[in-house]
Amino acid sequence: MTTKMNQLIEDQRNVHVLYSFHEEEDYMKQILNYIHDGIVAGEYIILIENARLYPKIQEEMSSKYTKTQLELVHYVNSLDFYFSSGSYHPPAIHEYFKKVVQPYIQNGTAFRSWAHVEWATMQEPLYLIEDFERIVDEEVNALSFPLICAYDGEKLPEYVKTFLMETHPYVLIEENLVVSEQYQPTDKVT
């Protein structure tokens with residue numbers, strides 16, 4: 001990750017970042033850097049990832065970290081996470097997320113999260129992603145933890161890109177962390 005992001009996470013913790021990637025190689029580099037930074041900081045990493053990429057990530061991690069360090073990484077299958085109710089339903093996803101983070105919150109344990117956001121087809125009601133991202137932004141601020149939301153930029157229609165910029169205060173572009181000029185914070189926290 002960038003020095004700027006690490007400093008931001010150290011300074012304020014409630015860091016909600018949009019990462020729109022185009023190449024799997026770049027994606028792997030970013031996620032592995034984020035995991036590394038979390039391990040170095042002694043934080044738990046909640047990794048919401050698909051079953052196709054996770055074995056590659058796990059293979060990379062197992063060659064670099066001790067068993068104790070690897071225990072800091074909590075894998076959540078993204079299909080289970082986003083479709084726990086049988087469809088992409090933001091309230092159900094929110095409940096699932098609260099269940100995942102509850103042990104860390106109860107114990108006062110520092111954690112960070114990475115969420116690879118995917119959907120089966122472009123027929124999905126993509127406006128639900130905006131609803132979900134607004135809920136997530138509130139949670140990041142209420143619970144004060146860093147979260148990177150990773151989207152495949154090649155699959156994003158323009159209107160989705162627009163509301164993603166409105167729901168994320170920060171954007172990771174290659175190695176640069178920038179402030180989103182379009183960010184529109186919500187007024188209430190759940």
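## The second largest pocket

The lining of the second largest pocket has 7 nonpolar, 3 polar and 4 charged residues. This is a predicted model, where local features need pLDDT of at least 70 and side-chain atom pairs count only at pLDDT 80 or more, while totals for chains, interfaces and linings use all residues. Residues are numbered from 1 along each chain as its sequence is written, and side-chain values use heavy atoms, leaving out hydrogens and water.

The space in this pocket comes to about 190 Å³. Of the 14 lining residues (those with an atom within 4 Å of a pocket point), Tyr19, Ser20, Phe21, Ile173 and Glu174 lie nearest the centre. Strand 1 gives the largest share of the lining, 4 residues; strand 1, helix 2 and strand 6 each supply at least two.

Now look at helix 1, which spans residues 3–12. Buried here means under 20% relative accessible area and exposed over 50%, with a 1.4 Å probe and protein chains only.

| State in helix 1 | Residues |
|---|---|
| Buried | Met5, Leu8, Ile9 |
| Exposed, on the face turned away from the buried side | Thr3, Lys4, Glu10, Asp11 |

Just after helix 1, arginine 13 has a positive phi of about 65 degrees.

Notes: 1 Å grid on protein atoms, 1.4 Å probe; cavity = no way out; pocket = protein on both sides within 12 Å on 5 of 7 lines; lining within 4 Å. Points joined across faces, edges and corners; volume = space filled by probe spheres on them. Nonpolar A, V, L, I, M, F, W, Y, C, P; charged D, E, K, R; others polar.
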